[in-house]
Amino acid sequence: MRGIKHPLKYRAVDLRKQGLSIGKIEAMLQIRRSTLSGWFRDIVLSQEQRAYLLQSGKDAFVKARLKAALWHREQKRQRIEQAKKEAVAALETINLSDKSVVEIAMATLYLGEGFKTVQGLGIGNSNPMILQFFIAALAICYDFDKTKIKCELHLRADQNPMEIKAYWAQTLGLPLENFKTVSIDQRTRGSPTYSSYKGVCALRCASTAIQRRLLHLGALYCE
């Protein structure tokens with residue numbers, strides 16, 4: 001590949017003089033970049049050609065970053081999908097209709113999220129799914145009448161209490177009149193709230209016996 005004897009040298013030099021990048025010429029002619037650099041050492045490109053190559057390099061960098069981001073996103077999607085499949089497979093080994101399984105799940109949830117420093121059953125969360133499960137588990141395990149549940153809302157300053165009450169009442173299937181107390185965090189004044197955030201809803205039930213049972217059951221199971 002030394003000197004003018006290489007059959008593609010004239011072609012490569014001509015392409016470079018047209019303003020093509022070394023990378024593109026390397027891909028077209030399958031000649032090593034080190035060889036091309038030697039051939040092009042004395043070629044002076046015009047200002048327009050240099051500007052074009054600079055912009056092309058920037059565009060290529062942007063495309064490469066986008067391609068990498070898409071690749072990582074797809075890898076993450078595949079990992080999440082695999083995790084879901086494994087979760088489904090694990091649940092298939094459990095009798096989900098068994099009341100004892102539901103109570104164990106409820107007890108471990110209460111051990112982590114439930115109220116422990118006051119008498120009476122209580123739990124608060126911003127995730128509707130957590131509270132929906134808790135209400136359903138109360139009915140399954142203890143035949144508890146959910147209309148006896150009292151609700152408290154803890155909201156940010158820019159949230160509309162009546163709208164949030166209606167949201168939680170509909171989402172949890174509870175009477176609107178069960179939402180008695182609303183507290184507003186004044187520290188959030190002037191800070192906008194995401195539309196998806198509906199505050200924290202706290203459920204309270206006058207059942208210390210169930211509270212004690214869940215706390216002991218959850219602790220003993222974890223031990």
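Residues are numbered from 1 along each chain as its sequence is written, and side-chain values use heavy atoms, with hydrogens and water left out. Because the model is predicted, local features need pLDDT of at least 70 and side-chain atom pairs count only at pLDDT 80 or more, while totals for chains, interfaces and linings use all residues. Helices (H or I, at least four residues) and strands (E, at least two) are DSSP runs, numbered from the N terminus.

Four strands make up an open sheet, in the order 1-4-2-3, with mixed pairing. Two strands count as paired if DSSP finds at least two bridges between them. Strand 1 (121-125) and strand 3 (179-185) stand at the edges. Each has a single partner strand, so one side of each is left without a neighbour in the sheet. From one strand to the next, the twist averages 15°. Axes here are lines fitted to C-alpha atoms, for helices over the stretch in contact, and angles run from 0 to 180 degrees between N-to-C directions.

Strands of a sheet pair through backbone hydrogen bonds, either parallel or antiparallel. Both kinds of pairing occur here. Strand 2 (residues 150-156) and strand 3 run parallel and are joined by six bridges. In this pair, E152 stands opposite T181 of strand 3. Helix 6 (residues 128-142) packs on the sheet, where it touches strand 1 and strand 4 (200-205). The direction of helix 6 makes about 155° with that of strand 1. Contact means heavy atoms within 4.5 Å.

Strand 1 and strand 4 run antiparallel, with five bridges between them. G124 faces A202 of strand 4 across this pairing. Strand 1 is mostly covered, as five of its five residues are buried. Buried means under 20% relative accessible area, exposed over 50%, and partly exposed in between (1.4 Å probe, protein chains only). In a regular strand the side chains alternate between the two faces of the sheet. In strand 1, L121, I123 and N125 point one way, and G122 and G124 point the other way. All of these residues are buried. The C-alpha atoms of K180 and H216 are separated by 30 Å, and the two residues are 36 residues apart along the chain.

Helix 1 (residues 9-17) has a buried side. Its buried residues are K9, A12, V13, L15 and R16. They cover an arc of only 160° around the axis, so they lie on the same side of helix 1. The arc is that of the directions from the helix axis to the C-beta atoms. The buried residues pack against helix 2 (22-29), helix 3 (33-39) and helix 4 (47-91). Y10 and K17 are exposed, on the face of helix 1 turned away from its buried side. Just after helix 1, G19 has a positive phi of about 105°.

Most residues other than glycine have a negative phi, and most peptide bonds are trans. Two loop residues have positive values. Q30 has a phi near 60°, positive in a residue other than glycine. Q30 sits in the loop between helix 2 and helix 3 and is exposed, with a relative accessible area of 66%. D143, also not a glycine, has a positive phi near 50°. D143 belongs to the loop between helix 6 and strand 2 and counts as exposed at 70% relative accessibility.

Helix 5 (residues 99-113) and helix 8 (residues 208-222) form a crossing pair. Their axes come within 8 Å and cross at roughly 95°. The two helices are therefore roughly perpendicular to each other, a term for angles of 65 to 115 degrees, whereas those under 35 count as roughly parallel, those over 145 as roughly antiparallel and the rest as oblique. Helix 5 contributes E103, I104, M106, A107, T108, Y110 and L111 to the contact. Residues from helix 8 include R213, L214, G218 and C222. The residues of the contact divide into 11 nonpolar, three polar and two charged. Ala, Val, Leu, Ile, Met, Phe, Trp, Tyr, Cys and Pro count as nonpolar, Asp, Glu, Lys and Arg as charged, and the others, Gly among them, as polar.

Y110 lies in helix 5 and is buried, with a relative accessible area of 0%. Leaving aside residues up to four places away in sequence, Y110 touches F115, K116, G120, L121, G122, F134, Q211, L214 and L215. Y110 and S196 are 25 Å apart, C-alpha to C-alpha, and 86 residues apart in sequence.
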